Amino acid sequence: MRDTIRDSAFGKLVRFLSGYKLFLYPEEDYLSGWQIYLQLPEPREEGTQATSSEQLCEQYGLWTVMSQATHRKRERPPLRSVLAGPWRGIEEGSPVVVGWGALDDSENPQNWSVKKKSLVTLLICLLTFSIYIGSAIYTPGIPGVAAQFGVSREAAVLGLSLFVLGYGLGPMIWAPISELPAVGRSPVYVGTLVVFVFFQFAVIYARNFGMLLAFRFLTGFLGSPVLATGGASIGDMWDRRVRDYMIAIWASFAIAAPVLGPLVGGFAASAKGWTWTIWELLWVSGFALVLAFFFLPETFAPNILSRRARRIRRISSDQRYASDAEIEVAHVAPRDVLFEALIRPFVLCFLEPIVFLMNLYIALIYGILYIWFEAFPIVFEEKHGFNPGETGLAFLGIMVGAVFIALPVYFYWKWRWQSRRIGPNGYLSPEEHLPPACLGAVCLPISLFWFGWTGNFTSIHWMVPIIASMLFSFGGYLIFNGIFCYEAQAYPRYAASVLAGNDFLRSSFGGGFPLFATQMFHNLGVGWACTLLGCLTVVFIPYPFLLYVFGERIRMRSKYAQHGK
């Protein structure tokens, strides 16, 4: 526990204020002990040997924005990049590499105890939950916002849409910053969360509607880092045999949050008004901030080694000592990082056919989910007479379908069937992640038709459309996990860009669809509106099946996708 607190934001602050006399690391306790971390630099021939970033990605299967940019740097002569942070040894000749002291180095996140890994994983899940709940928790307060500021309901929905759009755009800025060896993930998580928490006061005490919308967008933008790289943080700790299971659990928190938002927000809005929905968000995120400040250590290996190298430079007064990641980043041009963070996601999202169709499918499902936030009050309040709090309880069907049914089914499938497809060298074809998506694709239209035509009539018991929503979340969860795993494995070198493009398109649909949801359901009726949405999902039913059968052939023709085994 001491090591966990030492590596947290609190521990780093105590170290700084004490002049690095408290919470000492082993190399600071034993002044000559740091020499065990030195590694002889291995000769590298351009184009024949992998760089350290490539070796890291091949070992853990993680390709980040920075590793993509590092790969691009070989196309131009070496340069001194400001991205290297405090290291200034590149001008002093050949650097001395600082690495792990041994295979069982206790600071390596892969070597942490199961107890510590589980604690950090739960903290990442809590952070994700506390941000994602901020979108839907606002929904029950929309009528109150419209009444207080004298705007239409459609205009008040912008408070939801801009928040979702903000956390779709944020990762393109925060992800590359969190991947700099000199920065790391934890400072970005905690730093942005501090501002996120305090900006909730600006939303609560907004003087006008424009101020409300501006800070809703900013809070979404500032809350986005953990939504984009939370899965990567989990991958930093768990090996590939366990990683997929942990990320699936993390995804369950991401689904549970927007589902529980209308529930907790509904009762608060009914009793105290719309501002109490934001107070609840403030309490949840504030609680997550306190835990993260004291107990969230850094999980990003390049940053851990960079800080170790920084300590050794301070102890030895020799600037030659540097981590492998610092050496790599020192040769990366900032323009390469900007290209990989801001341009590459759109290139892959819109010009790579497999990625575009997958992202479009995910975005459509995500948009429909947020449309339902507007459909539930129509079905359960207007037709069945629920109050806002009781309408929030109706959303529990979505969570039950995803977390308590789809998650165990997905785990069982991975353990019972997918494990048989792993080759002797550990290789698993990307297409082997798609069978759950095939099942989910069939479930979606059935659930939409079912929800629409059972929720359209007051004579049908209210439990029937709730069961239909369970089937939707069951299918959606299987599709999300199947496609995310497929994209990360089919495009390993560009995984960060592929998933960033997915996040942007998904958030654009999630933010845009609610703007016309109320009018669509009122003008077409619940039955026909859901029929229209169901027909859209029918169009995509063949896609995961076709990709499962022909995906490998299509990948072989792409210059971005993985070709070999």
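The centres of domain 1 and domain 2, taken over C-alpha atoms, lie 20 Å apart. The model is predicted, so local features need pLDDT of at least 70 and side-chain atom pairs count only at pLDDT 80 or more, while totals for chains, interfaces and linings use all residues. Residues are numbered from 1 along each chain as its sequence is written, and side-chain values use heavy atoms, leaving out hydrogens and water.

**The two domains**

- Domain 1 covers 113-297 and domain 2 covers 333-564, with bounds from an automatic or database domain assignment.
- Contact (heavy atoms within 4.5 Å) links 36 residues of domain 1 with 40 residues of domain 2.
- About 3,200 Å² is buried between the domains, 71% of it on carbon and sulfur atoms; buried area is the accessible area (1.4 Å probe) that two parts lose on being put together, summed over both.
- On the domain 1 side, Met-172, Tyr-245 and Val-259 lose the most area to domain 2, together 20% of what that side buries.

**Salt bridges**

- Between domain 1 and domain 2 there are 2 salt bridges, each a side-chain nitrogen of Lys or Arg within 4 Å of a carboxyl oxygen of Asp or Glu.
- Asp-244 forms a salt bridge with Lys-414, and their closest N and O atoms are 3.2 Å apart.

**Helices α18 and α19**

- Leu-348, Cys-349, Phe-350 and Leu-351 in α18 meet Pro-353, Val-355, Phe-356 and Asn-359 in α19.

Notes. Helices (H or I, at least four residues) and strands (E, at least two) are DSSP runs, numbered from the N terminus.
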